Amino acid sequence: MKTIGATPGEHYERKVVEHDKKNKYSRKIKTISLGNVDHAIYADVYDVLTAFEVVNPAMAHAVKKMLAPGQRGVKGTIQDMKEAVESIERAIELEAQNE
């Protein structure tokens, strides 16, 4: 439990509910308080893709690359951005086939 001071000299116990840190795509969005418990709200790239109803796999790949360019430890930012552009171009091809 963390002790959080609301005002100088005033302290109370507040529980903080955390998220499983094993998901490398998960990011903290915000914290909401319910009673004396802080709930950290997390979402991962797949939650975002679902929320925005991204169904084109090439577009989903581009979004994933653009949400964390250069942060996955394998490729740099510029390489991830170039690959995202390639994925968007492929997404356009896929959409054109469905028209």
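Guide: Start with Arg 90, which is partly exposed, with a relative accessible area of 37%. Keep in mind that this is a predicted model. The side chain of Arg 90 meets that of Glu 93 in a salt bridge, 3.0 Å from N to O. In general, side chains of opposite charge can pair when their charged atoms come close. Why is the step from Arg 90 to Glu 93 about one helical turn? Because the two residues are 3 apart in helix 3. Glu 93 is partly exposed too, at 44% relative accessibility. Elsewhere, salt bridges with shared partners join four residues into one network: Lys 65, Lys 75, Asp 80 and Glu 83.

Which residue does Lys 65 pair with? The partner is Asp 80, and the closest N and O atoms are 3.2 Å apart. This bridge links distant parts of the chain. Lys 65 sits in helix 2, which covers residues 57-67. Asp 80 sits in helix 3, which covers residues 77-97.

Is Asp 80 buried or exposed? Asp 80 is buried, and its relative accessible area is 0%. Lys 65 is buried as well, at 4%. Both values fall under 20%, the cut-off for buried, so both residues get that label.

Now move to Glu 83. Its place is in helix 3. Glu 83 forms a salt bridge with Lys 75. There the closest N and O atoms are 3.0 Å apart. How do the two ends of this bridge compare with the cut-offs? Glu 83 has 14% relative accessibility, so it counts as buried. Lys 75 has 33%, so it counts as partly exposed. What else does Glu 83 touch, leaving aside its neighbours within four places in sequence? Its contacts are Lys 65 and Lys 75. Both of those lysines belong to the network, together with Asp 80 and Glu 83.

Step back for the count. How many salt bridges does a search of the whole structure find? It finds 4. Among them are Lys 65 with Asp 80, Glu 83 with Lys 75, and Glu 93 with Arg 90.

Next, see what surrounds these pairs. The protein chain has 3 helices and 4 strands. Read along the sequence, the pattern is β-β-β-β-α-α-α. Of the 99 residues, 24% are buried. Lys 65, Asp 80 and Glu 83 are among the buried ones. The chain exposes about 7,400 Å², and carbon and sulfur atoms supply 57% of that. Count the contacts with a separation of 6 or more: residues 24 or more positions apart account for 19% of them.

Finish among the strands. Ile 29, Ile 32, Leu 34 and Ile 41 make a nonpolar surface patch of about 340 Å². Which strand gives the patch its largest share? Strand 3, residues 26-34, supplies 3 residues. Ile 41 lies in strand 4, residues 37-44. Ile 41 is partly exposed, with a relative accessible area of 31%. A patch residue needs over 30%, so Ile 41 passes that cut-off.

Notes: Residues numbered from 1 in each chain as written. Predicted model: local features only at pLDDT ≥ 70, side-chain atom pairs only at ≥ 80, totals over all residues. Heavy atoms only, no water. Buried < 20%, exposed > 50% of the residue type's maximum accessible area, 1.4 Å probe, protein only. Contact = heavy atoms within 4.5 Å. Areas by Shrake-Rupley, 256 points an atom, 1.4 Å probe, with all protein chains shown as cover. Patch = residues over 30% accessible without salt bridge, like charges linked within 9 Å, V, L, I, M, F, W, Y side chains within 5 Å.
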